[in-house]
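The entries follow in the order in which I took them.

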Amino acid sequence: MNSKRLDIIVLGSGTSTGVPTLGCSCAVCTSGVAENQRTRCSLLLQSGGCNILIDTATDLRQQALREGIGHLDAVLYTHTHADHVNGIDDLRAFNMKGGPPIPIYGDVATIAGIQRVFAYIFDDNLEPGYRPRLAPHVIEGPLNLCGLPILAVPLQHGEGMSLGFRVGPFAYLTDCSAIPKTSLPLLRDLHTVIIDGLRFRPHNTHFNIPQAVAAMKELAVERIILTHLSHDIDHHRDAKILPPGVEFAFDGQRLSFTL
């Protein structure tokens, strides 16, 4: 059986404000340390020349330029909060060379929300102009994109819901405050998880770091990478107090797996 390589790039590891946070003069926001420079949360899956983006973060243009992303084959959406969708207009740059519309995927509420908030993209009565050409799809089961088996994982995000995504031994679980019992079987036998770990203090819509670590330890995850980090977190200072097998994500971080 042929193996397949999966490469992952953490495009953004920051919370909704990004880090540095506007108007803030705290030690982290003014540190100048590369790992403390956090754009809004997003991820890129790469395999066999295909690029699959998770979320069009507010900083998509900056992230794509930094990583030299020349094309996109699909976009997966976790939910419709602004920091995860507001870069959607930058997708038009990937349409300029022609080709079919870029397929975008999300749950029913997410696709409906994107079509409502960004109605100009999907209005057939408007001139094409400079707007993205996108083909929306509601996720109704396992996906196979570019030969990658992708499983959507429902997550609790405060009073709302979001989606995580699993590909083989890896899962990306940003923006969550709990994992429903019905989702636990979808997360068995994982090696590496990138998971929401906003800060050490509690928060009502995000896992804090102790909660995220505990949830992943329950699943016996070997490598736990914390993302959606706020300016409470100093990468190098706070990495020293993380448990073994736990680390902070950073913009530009790369991971590789054989599927």
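**Entry 1: a cis peptide**

In which loop is Pro 20 found? I placed Pro 20 in the loop between strand 1 (5-12) and strand 2 (42-47). I noted that this is a predicted model. I looked up Pro 20 for its peptide bond: Val 19 and Pro 20 are joined by a cis peptide bond, with omega at about 5°.

**Entry 2: Ser 47**

I stayed with strand 2, in which Ser 47 lies. Is Ser 47 buried or exposed? I recorded a relative accessibility of 5% for Ser 47, so it counts as buried, the limit being under 20%. I then looked up its contacts, leaving out residues up to four places away in sequence: Ser 47 touches Lys 4, Arg 5 and Leu 148. Arg 5 is 42 residues from Ser 47 along the chain, and I have 6.0 Å between their C-alpha atoms.

**Entry 3: helix 1**

I went on to helix 1 (residues 60-67) and listed its buried residues as Leu 60, Gln 63, Ala 64 and Glu 67. Seen down the axis of helix 1, these buried residues fall within an arc of 95°, so they line one face of the helix. Which residues are exposed on the other side of helix 1? I found Arg 61 and Leu 65 there. For the buried residues of helix 1, I listed the packing partners as strand 1, strand 2, strand 3 (50-54) and strand 14. Gly 68 follows helix 1, and I noted its positive phi, near 65°.

I next looked for positive phi in residues other than glycine. Cys 146 has such a value, with phi near 55°. I located Cys 146 in the loop between strand 7 (143-145) and strand 8 (148-157). Its relative accessibility is 27%, so Cys 146 counts as partly exposed, a class that runs between the 20% and 50% limits.

Ala 220 is also a residue other than glycine with a positive phi, here near 60°. Where is Ala 220 found? I have Ala 220 in the loop between helix 5 and strand 12. Ala 220 is exposed, because its relative accessible area is 56% and the limit is over 50%.

**Entry 4: helix 5**

I then took helix 5 (residues 209-218) and listed Ile 209, Ala 212, Val 213, Ala 215 and Met 216 as its buried residues. Why do I say that they line one face of helix 5? Seen down the helix axis, the buried residues of helix 5 fall within an arc of 160°, so they line one face. Against what do these residues pack? I listed strand 10, strand 11 (192-196), strand 12 (223-227) and strand 13 (246-248).

Arg 116 is exposed, with a relative accessible area of 61%.

**Entry 5: aromatic pairs**

How many aromatic pairs does the count come to? I got one aromatic pair, taking ring centres within 6.5 Å. Phe 170 and Phe 257 form this pair, at 5.6 Å centre to centre with 35° between the planes, and it is tilted. I noted that the pair links distant parts of the chain: Phe 170 is in strand 10 (residues 170-173) and Phe 257 in strand 14 (residues 254-258), 87 residues apart. Phe 170 has 1% relative accessibility and counts as buried. Phe 257 is buried too, with a relative accessible area of 12%.

**Entry 6: His 157**

I found His 157 in strand 8. His 157 has a relative accessibility of 5%, so it counts as buried. Which residues does His 157 touch, not counting those up to four places away in sequence? I listed His 79, His 81, Ser 162, Asp 175, Cys 176, Ser 177, Thr 205 and His 206. I also looked up Ile 179, which is 22 residues from His 157 along the chain, with 8.9 Å between the C-alpha atoms.

**Entry 7: the largest pocket**

I divided the lining of the largest pocket into seven nonpolar, four polar and two charged residues.

How values were computed: Residues numbered from 1 in each chain as written. Predicted model: local features only at pLDDT ≥ 70, side-chain atom pairs only at ≥ 80, totals over all residues. Heavy atoms only, no water. Phe/Tyr/Trp six-rings, centres within 6.5 Å; stacked < 30°, edge-to-face > 60°. Helix = DSSP H or I, 4+ residues; strand = E, 2+ residues; numbered from the N terminus. Buried < 20%, exposed > 50% of the residue type's maximum accessible area, 1.4 Å probe, protein only. Nonpolar A, V, L, I, M, F, W, Y, C, P; charged D, E, K, R; others polar. Arc of directions from axis to C-beta. Contact = heavy atoms within 4.5 Å.
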